[in-house]
Amino acid sequence: MVDVERTTQDLTDQFRNGTISRRDFITRLLALGLSVTAAGSILAACSSAAVTAAPSVAAPTPTTGATQGGTSPVPGGAATPVTGLKGNIRFLIGPWTPDEIKHQQVIEAAFKKLNPDVNFTYKLYDWSSGSQEIADSLAQGAHDIYYTGEANYAALYSSPNTFEDLTSRINDPAFASEKAKYLYWDRIGQYGDRLFGLPICWHVEDALFVNMDMVKSAGYDETFVESWDTFVACVKKLTTSGVYGLGIGIQLGPTFGEWYQMLRSAGGSFLTKDLKAVNVNQPNVVAVTQRYIDLYNQGVVPPSGAYDYNTAPDAFVGGKMAIYSSDLTIAAILQGKKPSFTWKVLGFPPGPASRANFNDMGFYQMGSKTPDKDLAWEVLKWWTNGDSDAYWAGVSGTYPARADALDHGFAGYSTQQLADSFPMFQQIGVGQEPFKQWGDCETAAEQQAGNAWTGKSNAQDTVTNIEKAVQKLVFGA
Amino acid sequence: MGSKVATASNPSASLGSETIVSARPRRVALSKEEHRRLAHGRNARRELTAWGFLGPMFLFFCVFLVIPTVGVVWWSMQSGGMVTGSTFVGLNNFITLPDEVTAGAAIANTLTFALMSIPPALILALLIAMVLARVKHGGAVYRFLVYLPVLVPGVVAALIWIFLTNIDFGLFNTVLQVVGLPHQVWLSVGNALPVLAALDVWRNVGYWTIFFYAAVIGLPEELFQAAALDGANALRRFRHLTLPLLRPMIMFAIIIATIWGLQIFDTPLILTDGGPGTATTTVILQVWRYALSASGQVGLAAAISLALLVAILALTAVQLRLLRGRGGT
Amino acid sequence: MSAPTAARRRDIPQAVASRRRRGELNARLEQVFGHLILILVAITLSAPFFYVITTSLKDSGSLFHYPPQWLPIPPYLGNYQKLIFDSGFPRWMANTLFVASAVTTLKIFLDSMAGYALAKLEFRGKRVVFGLMLGLLMVPIGVLLVPLWSVARQLGILDTYWGLILPPLANPLGVFLMRQFILGLPKDLENAARLDGVSEFGIYWRIILPLLKPGLVVLAVVIFTDQYMSFIWPLVSTTSNDMQVLTVGVASLRAKGGVDFGLWSAAAVMSMVPIAIFFFALQRQFLARSLAGALKQ
């Protein structure tokens with residue numbers, strides 16, 4: 001019999017010495033039989049600098065759910081986990097990290113403890129051609145479980161017979177208590193009465209990574225983002241020779257730029273709430289666009305093209321940018337680079353109407369041609385339960401769509417900075433609008449916004465062009 | 001009569017009926033029938049043999065080149081997605097194409113890019129080839145070094161240029177720093193397309209250098225010697241002898257380089273992903289984006305592809321006419 | 001002879017000699033000048049390679065040092081280790097070499113046979129076929145992406161080796177190259193064989209093909225190089241990680257956040273190695289590759 005406590009102690013020491021990597025540490029802890037939650041808590045304890053002695057683990061802690069047997073804990077999450085299932089499940093998912101499949105296999109291993117006769121295969125699609133690959137696979141029934149970004153969820157929502165309609169399963173009273181722990185049902189409900197997936201994550205596409213040491217020496221603390229005036233004053237002060245105060249417009253590709261959240265912070269949106277008219281060309285929207293153009297003109301923002309998604313992290317760590325905007329996955333990358341300063345992840349400052357940071361959701365969905373739908377449903381529930389979600393979202397650098405994520409060890413798997421900002425982003429988050437051309441509108445809008453940032457067009461023209469583009473994409477005129 | 005008789009010295013003269021009719025008329029009638037039947041058999045066998053040789057290649061040619069070319073026309077009149085189903089919209093895509101901002105930018109960028117990258121590449125190549133032709137030793141080493149960038153796949157070349165152009169530690173800015181000049185933002189909106197053109201020149205100049213080099217060393221030496229004896233200096237020899245003699249090669253190079261330049265895709269994708277904004281979005285890049293977009297704009301993709309296809313076919317026709325004009329083929 | 005003429009005749013050898021010496025000096029200056037230009041050109045064109053090689057031998061973390069460290073001493077091999085053992089690179093390279101070899105081999109036979117037919121055989125529709133191939137010669141795959149993808153999908157060859165190998169076989173450039181070569185071959189052996197009653201295939205196999213060897217090498221070089229560098233079709237037609245070819249795999253490095261310049265440089269260097277070796281061995285044929293399109297001149 002393995003002495004769990006002693007082995008955990010050894011592993012912890014090895015991890016803190018740097019002898020084994022974080023991934024190995026997690027894997028071995030889980031192999032010992034610890035629940036996902038317990039492992040996460042240990043990780044969180046290891047990461048916090050205050051702990052000098054190794055954390056004590058009395059016994060593997062089972063989470064909510066029935067315990068089966070003394071020493072083999074149940075990495076549970078569902079009210080009564082099903083056992084003894086048989087079959088094959090084929091995943092078609094997007095690669096959040098290079099180790100995507102390995103992370104999936106950790107979740108798979110926990111599932112297989114209860115259902116050893118279910119076999120899993122994973123196929124990764126390319127993000128840029130993902131929508132085509134998913135559509136193709138759905139047509140042929142080639143896979144059972146799909147990961148989709150919200151843009152795909154929306155685009156395929158009204159395609160008949162592609163994804164399996166899960167409405168009755170989700171609204172089943174037996175699922176109600178678990179359902180309550182998921183976030184953002186209201187947002188999913190925007191698309192229509194039918195529900196086609198379980199949410200797994202929500203991702204802030206443009207958050208501010210802030211060099212807090214620089215901010216403090218400029219005389220501000222983290223509240224500087226809470227008002228536009230302090231924000232501008234601070235970034236101006238941070239801009240010195242060789243250092244840019246604010247790096248925006250850096251994300252890879254023309255989608256998910258910062259302009260959409262500027263639009264929402266000004267009280268605008270692509271379409272009105274009833275989805276019948278375009279709602280872009282408002283004076284506040286023009287004003288917000290102008291504010292950021294001014295920052296470009298004052299040299300606070302590096303010119304477009306100076307840095308891109310790949311080169312920006314090094315520049316931030318090297319002190320070339322005091323603040324820069326990118327998606328949450330960068331947090332893990334920055335942590336890996338071990339910057340010599342304290343840094344935080346904060347939200348964008350308010351616009352005329354409110355603070356708005358855009359986030360979009362990720363779903364796990366079932367194909368309508370899946371042979372064993374009950375099995376697939378169990379798999380869907382497992383993959384989105386507290387343990388699995390906290391683990392997967394944590395290691396993938398995104399936020400879990402669960403209210404109880406922090407209780408399941410999310411902080412340990414993710415970075416401290418992301419965990420700290422979880423509630424804040426939930427508060428100020430805004431999502432996509434529920435029409436299928438949203439993704440294309442966003443692409444067109446960010447391309448036009450690019451012209452504003454580079455001085456090719458002024459604020460009013462930019463907004464007018466975006467309005468025209470949305471009009472054309474949605475209403476065809 | 002003489003010319004009609006098949007003799008050893010004139011084996012290709014046919015046995016016309018005129019020559020034999022006086023001898024055996026009945027044989028002729030049969031012979032004619034037999035001739036035709038034999039000819040048919042031979043013809044059929046000959047056709048079969050020819051297609052036996054040509055067939056496999058022609059099959060692939062039809063399936064993967066001819067049919068898709070027709071397909072472009074068909075798809076350009078559709079709207080929707082490749083897999084999610086599409087509907088027929090006639091010429092709608094072409095009518096709305098000028099309004100499509102990104103499509104317009106893509107076309108403008110591609111043309112600008114061609115203008116910025118082709119003349120420098122060809123001129124440099126010609127000059128370097130001239131020097132190569134005159135230098136007596138070490139030609140092979142120079143040719144190897146000059147040709148090396150041609151062997152770099154486009155995506156690798158773009159990756160290399162990402163570090164070269166890095167603001168903080170790239171080679172270009174380091175050189176500028178050493179010389180005392182300020183750092184440049186190489187991939188900014190204004191600079192990205194010229195940098196892309198420079199990348200293309202870097203990659204292709206070796207190819208055309210070797211091309212012109214082979215042409216130059218193939219020129220008759222005597223002409224140049226005669227001109228030199230007549231007192232023509234190097235510049236005059238170049239202008240009045242070399243250039244005219246090389247004219248067909250130069251025209252050929254311009255057309256081929258243009259056709260390649262118009263298709264540029266991998267370098268803008270990797271270097272700047274078509275950005276910043278749409279500064280380096282080229283036609284094929286935009287086609288690729290339209291074809292893969294979530295709500296499916298395949299029709300637009302095919303419409304622009306068709307426009308490019310027509311341009312390439314036109315250029316091909318021009319080239320063929322130029323060749324035929326010289327009395328070739 | 002008058003005295004001035006005699007004097008002039010005495011001058012001539014000296015005059016000629018001094019002119020020849022000036023000529024030699026000019027020629028030598030010209031050589032030096034030429035070399036200088038070529039050295040400058042060679043340095044400009046190959047500088048990026050040295051930069052990439054040195055970067056590949058550095059640890060990525062050290063890239064932000066000022067002043068920049070020019071020579072990596074001691075050389076850091078971690079990037080290459082990571083590339084070979086911890087990335088998809090070996091698979092990508094294997095895929096590319098396999099596909100390129102397969103296409104080259106198939107094309108050698110397909111194109112020489114088709115070229116033979118166009119050069120030597122008569123058949124109905126020959127003009128049409130010739131014209132069609134000539135017209136579509138320069139049409140690139142990029143323009144045909146949408147319908148080609150559709151065709152490949154219906155044939156079920158997407159994301160397979162067939163899907164990578166079959167479409168490139170359609171390019172008619174090789175056919176014209178072969179036709180040109182075959183037309184230029186001496187006809188005696190062929191005529192003799194014909195009179196002897198040898199079948200067309202026999203003539204092709206036993207007479208033409210051996211004579212065609214230098215042309216085949218040029219063709220092989222052209223096709224192999226094009227396939228090695230092919231990007232857009234493999235990008236569009238393959239989706240699995242296993243099926244990625246070199247160009248697609250290297251491009252995928254770009255899509256990850258947080259760049260690892262050391263790894264990228266190592267990948268760039270390793271990508272060049274096979275084709276550089278290939279080039280070194282077959283320099284003359286590469287020269288001919290530059291002329292491959294000029295077959296009608």
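These are my notes on a predicted model, from chain contacts down to single residues.

**Ground rules.** Residues count from 1 along each chain as its sequence is written, and chains are lettered from A and ligands numbered from 1 in the order in which they are written. As the model is predicted, local features need pLDDT of at least 70 and side-chain atom pairs count only at pLDDT 80 or more, while totals for chains, interfaces and linings use all residues.

**Chain B with chain C.** I started here and found 80 residues from chain B and 78 residues from chain C in the contact (two residues are in contact if their C-beta atoms, placed from the backbone, lie within 7 Å). Helix H2 (residues 25-75) of chain B gives the largest share of the chain B side, 22 residues. Helices (H or I, at least four residues) and strands (E, at least two) are DSSP runs, numbered from the N terminus. I sorted that side of chain B by class and got 63 nonpolar, eleven polar and six charged residues. Here Ala, Val, Leu, Ile, Met, Phe, Trp, Tyr, Cys and Pro count as nonpolar, Asp, Glu, Lys and Arg as charged, and the others, Gly among them, as polar.

**Chain B with chain A.** Next I looked up this pair: 23 residues of chain B are in contact with 31 residues of chain A. The chain B side holds ten nonpolar, eleven polar and two charged residues.

**H20 and H21 of chain A.** I then checked how helix H20 (residues 438-453) meets helix H21 (residues 459-475): their axes come within 9 Å and cross at roughly 160°. Axes are lines fitted to C-alpha atoms, for helices over the stretch in contact, and angles run from 0 to 180 degrees between N-to-C directions. H20(A) and H21(A) are therefore roughly antiparallel (angles over 145 degrees). Among the residues that meet are A:Asp440, A:Cys441 and A:Ala444 from H20(A), and A:Ile466, A:Val470 and A:Leu473 from H21(A). By class, this contact has ten nonpolar, four polar and one charged residue.

**H17 of chain A.** In helix H17 (residues 386-396), eleven of eleven residues are buried (20 or more other C-beta atoms within 10 Å of the residue's own, with C-beta atoms placed from the backbone). A:Tyr391 and A:Trp392 are among them. Just after H17(A), I noted a positive phi of about 75° at A:Gly397.

**A:Gly149.** My last stop was strand S3 (residues 145-149) of chain A, where A:Gly149 sits. Why is A:Gly149 buried? I count 23 other C-beta atoms within 10 Å of A:Gly149. A:Gly149 touches A:Asp360 and A:Gly362, leaving out residues up to four places away in sequence.

Terms used. Buried ≥ 20, exposed ≤ 12 C-beta atoms within 10 Å, placed from the backbone. Parallel < 35°, antiparallel > 145°, perpendicular 65-115°, else oblique.
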